[in-house]
Amino acid sequence: MHTMSHTRTLPARSDHAPSIAIVWGSSTGYTEEVALKLHQRLADATSTIVDIGETEVRDLLAFDVLILGVPTWNIGEFQDDWEYCFDEWATLDLRDKKVALFGCGDAKGYPGYFQDAMGILWRQLEARGATLIGKWPTTGYDFDESQALAPDGNHFVGLAIDEHNQYELTDQRLDRWAQQLEAELDLRPVAAAIPALVSAV
Ligand SMILES: Cc1cc2nc3c(=O)[nH]c(=O)nc-3n(C[C@H](O)[C@H](O)[C@H](O)COP(=O)(O)O)c2cc1C
């Protein structure tokens with residue numbers, strides 16, 4: 001029989017904190033670096049970090065939330081590891097998945113194709129039933145066109161990182177985006193539970 005314990009239940013997190021994978025593909029290391037920084041910021045949410053080049057896409061179905069790091073290469077194309085697995089996403093049922101995207105791109109070098117891969121991947125996932133979280137405003141970016149725009153035209157489908165032209169903004173963008181994801185996923189940082197812990201003693 002289950003008896004009520006005298007310990008107060010802490011309002012720390014929901015009983016079923018979602019499992020989160022941060023999945024990156026990267027050819028010159030930028031997206032990997034951003035993924036690691038995001039992982040540090042989401043550490044309270046016990047996220048797992050995964051190299052898409054070293055995993056089976058199907059295995060990612062074990063997670064509730066997928067945060068996908070997708071650089072754009074070769075003028076509006078995928079980075080190689082994402083290119084190799086792109087078709088496989090079309091075979092998956094993603095109706096119970098929440099997906100956030102972040103991309104690395106170069107707005108000055110490729111202003112007509114800024115962050116395209118992030119948008120192309122999202123449309124594939126949307127067709128499989130995934131729910132998008134983590135949209136990000138286009139304010140503060142200087143580009144001409146992007147396949148990664150959300151339907152409202154004022155947001156990207158995910159966080160746009162530009163390490164070539166706006167590297168000084170990356171950390172603060174990640175800070176804000178991590179907080180946004182925590183809010184959208186209803187995650188409560190562990191720090192918020194500490195006063196409750198103290199008062200429960
Ligand atoms: C040949 C080449 C093509 C690129 N094409 C695009 C592009 O179409 N759109 C874009 O936003 N960035 C483009 N980029 C910039 C990359 O996305 C950027 O360098 C990114 O940081 C690479 O990330 P990674 O090191 O994780 O692979 C291109 C870079 C190179 C070298």
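Mentor: Welcome! In this predicted model, local features need pLDDT of at least 70 and side-chain atom pairs count only at pLDDT 80 or more, while totals for chains, interfaces and linings use all residues. Residues are numbered from 1 along each chain as its sequence is written, and side-chain values use heavy atoms, with hydrogens and water left out.

Trainee: Thanks! How many helices and strands does the protein have?

Mentor: Both are DSSP runs numbered from the N terminus: helices are H or I with at least four residues, strands E with at least two. The secondary structure comes to five helices and 10 strands.

Trainee: Is T72 buried or exposed?

Mentor: T72 belongs to strand β4, residues 72–73. Buried means under 20% relative accessible area, exposed over 50%, and partly exposed in between, with a 1.4 Å probe and protein chains only. The relative accessible area of T72 is 17%, so T72 is buried.

Trainee: Which residue's backbone nitrogen does the side chain of T72 reach?

Mentor: Contact means heavy atoms within 4.5 Å. Leaving aside neighbours within four places in sequence, T72 has contacts that include E77, C104 and Y113. At 3.0 Å, its side chain reaches the backbone nitrogen of A117.

Trainee: And Y113, is that buried, exposed or partly exposed?

Mentor: Y113 lies in the loop between β6 (98–104) and α3 (116–127). Its contacts, leaving aside neighbours within four places in sequence, are T72, I75, G76 and E145. Because its relative accessibility is 40%, Y113 counts as partly exposed.

Trainee: How far is the C-alpha atom of Y113 from that of D144?

Mentor: Along the chain, Y113 and D144 are 31 residues apart. Their C-alpha atoms are separated by 7.9 Å.

Trainee: Now the ligand: where does it sit?

Mentor: 20 residues surround the ligand, and the closest are S26, T28, T31, T72 and H164. Both α1 (30–41) and β4 supply at least two residues each to the shell around the ligand. As for its place, the ligand sits in the largest pocket.

Technical notes: A polar contact is a pair of N or O atoms within 3.5 Å; within protein, one must be able to donate a hydrogen and the other to accept it, and residues adjacent in sequence count only if both atoms are side-chain atoms. A residue is near a molecule or strand if one of its heavy atoms lies within 4 Å of it. On a 1 Å grid over the protein atoms alone, a cavity is a set of points where a 1.4 Å probe fits but cannot get out, and a pocket is an open set with protein on both sides within 12 Å along at least five of seven lines; lining residues have an atom within 4 Å of a point. A molecule sits in a cavity or pocket if more than half of its atoms lie within 2 Å of its grid points.
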